[in-house]
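Here is a short report on one protein chain. Please look over the sequence and the model before reading on.

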Amino acid sequence: MDPISSILELLFSVEAVLLIFVVVILKGSIKFVPQNRAWIIERFGKYQSTKEAGLNFIIPFIDRVAADRSLKEQATDVPSQSAITRDNISLVVDGVLYFRVLDPYKATYGVDDYVFAVTQLAQTTMRSELGKMELDKTFEERDMLNTNIVTAINAASEPWGIQVLRYEIKDIVPPNSVMEAMEAQMKAERVKRAQILESEGDRQAAINVAEGKKQAQVLAAEAEKAEQILSAEGEAKAIIAVAEAQADALRKVGEAANTEEGQKAIQLDLATKAISAKEAIAKESSVVLLPDNATDASSLVAQGMSIINTLNSKKSGS
């Protein structure tokens with residue numbers, strides 16, 4: 001083989017090896033960090049830097065990715081555990097914890113396993129908060145309980161670079177004896193409310209009946225009063241009408257009496273009434289005393305006219 005050819009082949013081999021080495025170096029030095037993630041870089045086993053999302057460079061064989069931390073919000077289940085309330089009632093409580101990594105450096109070097117640490121902290125904090133409350137308050141003030149747990153966990157997890165966003169209690173299970181007592185209490189409350197509603201209904205019904213009777217009596221009295229008023233007004237109008245008719249009749253009689261024909265008619269009427277009166281007296285008594293000229297019609301008329309003249313003269317004098 002030609003020595004020149006051998007040298008050229010050797011050079012090509014060295015160049016190929018160098019090219020491959022350069023490619024390997026570039027591949028190891030260029031790092032693409034995904035969005036919402038952070039890589040912890042160590043150099044010779046010591047923390048060197050934190051690489052955020054995007055294009056980053058490291059030194060191959062010297063730097064290495066020690067930890068890959070997610071910056072997204074994470075949810076972890078808090079296992080069921082037993083807790084004792086202030087009034088010594090044992091409860092079984094579980095929940096869900098929502099948190100995120102704020103400082104990847106602290107989350108890597110401040111605690112060995114931050115998920116486990118936060119979960120355990122949530123359990124102990126929940127037991128502590130439940131111990132400050134009575135059983136009834138744990139159901140009524142669940143939101144306040146969640147807020148207190150979040151505040152306590154954030155205060156304790158700050159050195160770990162963890163922020164707890166919220167804690168939600170999924171279920172609170174009291175003992176069976178407490179459940180039975182609560183059901184009995186709820187049943188008694190329902191019966192009490194039903195009895196109160198029924199008594200209120202009876203009371204309202206009685207009030208309505210009494211109001212109805214009262215209104216009926218008032219309406220009846222008003223109707224009777226109106227009827228009496230109308231009757232009195234009718235009687236008054238009738239009396240006035242009769243009086244006006246009698247006055248009108250007397251007026252017409254008086255006007256007729258001022259005439260000669262009227263005087264004769266009055267004389268005839270008086271004579272007729274005198275005769276009728278004497279006949280009635282004769283029927284009532286077996287003995288009748290009459291004056292001498294009592295049977296004379298002209299005498300009777302004269303007596304009647306004398307009476308009328310006397311009355312007229314008295315009226316004129318008055």
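## Terms and model

Residues count as buried under 20% relative accessible area, as exposed over 50%, and as partly exposed in between. This cut-off is used for the side chains below. The model is predicted.

## Overall make-up

The chain has 318 residues, and 23% of them count as buried. Its secondary structure comes to 8 helices and 8 strands. The accessible surface is about 22,200 Å². Carbon and sulfur atoms account for 59% of that surface.

Contacts reach along the sequence. Take those between residues at least 6 apart: 64% of them join residues at least 24 apart.

## Salt bridges

The structure holds 7 salt bridges.

Arg-37 and Asp-68 meet through their side chains, at 3.0 Å from N to O. Arg-37 lies in strand β2 and Asp-68 in strand β5, so this pair ties together parts 31 residues apart in sequence. Arg-37 is partly exposed, with a relative accessible area of 25%. Asp-68 is partly exposed too, with a value of 37%.

Glu-73 and Arg-166 form a salt bridge at 3.1 Å, N to O. The pair links distant parts of the chain, 93 residues apart. Glu-73 sits in the loop between β5 and β6 (74–84), while Arg-166 belongs to strand β8 (residues 162–173). Is Arg-166 buried, exposed or partly exposed? Its relative accessible area is 36%, so Arg-166 counts as partly exposed. Glu-73 is also partly exposed, with 42%.

Asp-77 pairs with Lys-170, and their closest N and O atoms are 2.8 Å apart. Here Asp-77 lies in strand β6 and Lys-170 in strand β8. This pair, too, links distant parts of the chain, 93 residues apart. Asp-77 has a relative accessible area of 43% and is partly exposed. Lys-170, at 45% relative accessibility, is partly exposed as well.

Most residues other than glycine have a negative phi. Phi of Phe-61 is positive, near 70°.

Both residues lie in loops. Phe-44 is in the loop between β2 (37–43) and β3 (46–51). Phe-61 is in the loop between β4 (54–57) and β5 (63–70). Are these side chains buried or exposed? Phe-44 has a relative accessible area of 69%, so Phe-44 counts as exposed. Phe-61 is exposed, with a relative accessible area of 69%.

## Acidic residues outside the described pairs

Four residues gather in a patch of negative charge on the surface: Asp-87, Glu-134, Asp-136 and Glu-140. Of these, Asp-136 is placed in helix α4 (residues 135–140).

Where does Glu-129 lie? Glu-129 is found in helix α3 (residues 114–130). At 11% relative accessibility, under the 20% cut-off, Glu-129 counts as buried. Leaving aside residues up to four places away in sequence, Glu-129 touches Leu-145, Asn-148 and Ile-149.

Conventions
Residues numbered from 1 in each chain as written. Predicted model: local features only at pLDDT ≥ 70, side-chain atom pairs only at ≥ 80, totals over all residues. Heavy atoms only, no water. Helix = DSSP H or I, 4+ residues; strand = E, 2+ residues; numbered from the N terminus. Buried < 20%, exposed > 50% of the residue type's maximum accessible area, 1.4 Å probe, protein only. Contact = heavy atoms within 4.5 Å. Areas by Shrake-Rupley, 256 points an atom, 1.4 Å probe, with all protein chains shown as cover. Patch = residues over 30% accessible without salt bridge, like charges linked within 9 Å, V, L, I, M, F, W, Y side chains within 5 Å. Lys, Arg positive; Asp, Glu negative; His and termini not counted. Charge placed at Lys NZ, Arg CZ, Asp CG, Glu CD.
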